[in-house]
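Subject: Handover of a structure

Dear colleague,

Please find below the structure that I am passing on to you.

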Amino acid sequence: MTQRTPPTFNIPVTREEDRFACAAEGAQIARWAGLSDRAQHELAIAIAELVSNAVRHGGGGSISIRAIHDGAQAGSGRWGVEVIVRDSGPGLDPRLVMAEEVGPKSDRSPSSSSSPRLTPRMPGQGLGVGLGAVHRLMSSVVIRSSPGVSTEITAIKWK
């Protein structure tokens with residue numbers, strides 16, 4: 001069996017228009033990883049939002065997109081796409097980041113009383129509508145932010 005080399009995509013993001021190229025590359029990597037058409041579209045939307053936020057609120061930054069595999073042995077496990085967006089903007093309020101940091105969707109079920117809940121917000125309150133959409137579209141999202149220094153968001157979409 002031949003080993004497939006997972007594709008990667010890394011570029012600086014400095015303009016709002018960069019979101020289109022990044023979303024297209026992300027969808028192409030998702031297709032390579034075998035994600036459904038719906039998952040490819042959801043990933044593209046999330047990438048466009050993350051890039052837009054990095055440019056608008058963080059003054060630009062970088063994006064890294066790559067296919068990942070969680071199987072310990074060849075032929076087992078699942079494929080997914082990891083997206084990491086970094087900016088050097090003002091960072092986020094740590095209280096908001098902790099309230100929004102969630103793992104897999106199963107950890108966010110309404111029936112789980114110990115799980116963090118995403119609180120609906122109006123624009124300008126908390127992390128905004130866009131990052132809420134990213135949380136809903138992706139399998140997991142982790143936000144790391146140092147106020148006054150930078151923000152890094154890692155989002156994964158599994159097959």
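This is a predicted model: local features need pLDDT of at least 70, side-chain atom pairs count only at pLDDT 80 or more; totals for chains, interfaces and linings use all residues.

I began with helix α1, which comprises the 15 residues 18–32. At 1.5 Å a residue, this helix should span 21 Å, and the distance of 21 Å between its end C-alpha atoms agrees with that. The buried residues in α1 are D18, C22, A23, G26, A27, I29 and A30. Because they cover an arc of only 160° around the axis, they lie on the same side of α1. Their packing partners are β1 (8–13), α2 (37–58), β2 (61–69) and β3 (79–87). Just after α1, G34 adopts a positive phi of about 85°.

I then turned to the interior. In soluble globular proteins, nonpolar side chains tend to be buried together. Here the largest nonpolar core contains 30 residues, and those with the most contacts inside it are I47, L50, I63, I65, V81 and V83. Two or more residues each come from β1, α1, α2, β2, β3, α4 (128–137), β4 (140–146) and β5 (150–158). The most are given by α2, which supplies eight residues. Leaving out residues up to four places away in sequence, L50 touches V83, V85, L131, V134, I153 and A155.

Helix α2 also holds E42. Buried means under 20% relative accessible area, so E42, at 15%, counts as buried. Its side chain makes a polar contact of 2.5 Å with the side chain of K157. Apart from neighbours within four places in sequence, E42 is in contact with L137 and K157.

Finally, I looked at charged pairs. Side chains of opposite charge can pair when their charged atoms come close. The structure holds ten salt bridges, including the following:

- E17 with R15, where the closest N and O atoms are 4.0 Å apart. E17 is partly exposed at 45% relative accessible area, and R15 is partly exposed at 46%.
- R78 with D70, where the closest N and O atoms are 2.9 Å apart. R78 is partly exposed at 37%, as is D70 at 38%.
- E152 with R144, at 3.2 Å from N to O. R144 is partly exposed, with a relative accessible area of 45%.

Yours sincerely

Key. Residues are numbered from 1 along each chain as its sequence is written. Side-chain values use heavy atoms; hydrogens and water are left out. Helices (H or I, at least four residues) and strands (E, at least two) are DSSP runs, numbered from the N terminus. The expected span of a helix is 1.5 Å times one less than its number of residues. Buried means under 20% relative accessible area, exposed over 50%, partly exposed in between (1.4 Å probe, protein chains only). The arc is that of the directions from the helix axis to the C-beta atoms. Contact means heavy atoms within 4.5 Å. A polar contact is a pair of N or O atoms within 3.5 Å; within protein, one must be able to donate a hydrogen and the other to accept it, and residues adjacent in sequence count only if both atoms are side-chain atoms. A nonpolar core is a set of buried Ala, Val, Leu, Ile, Met, Phe, Trp, Tyr and Cys residues joined through side-chain atoms within 4.5 Å. A salt bridge is a side-chain nitrogen of Lys or Arg within 4 Å of a carboxyl oxygen of Asp or Glu.
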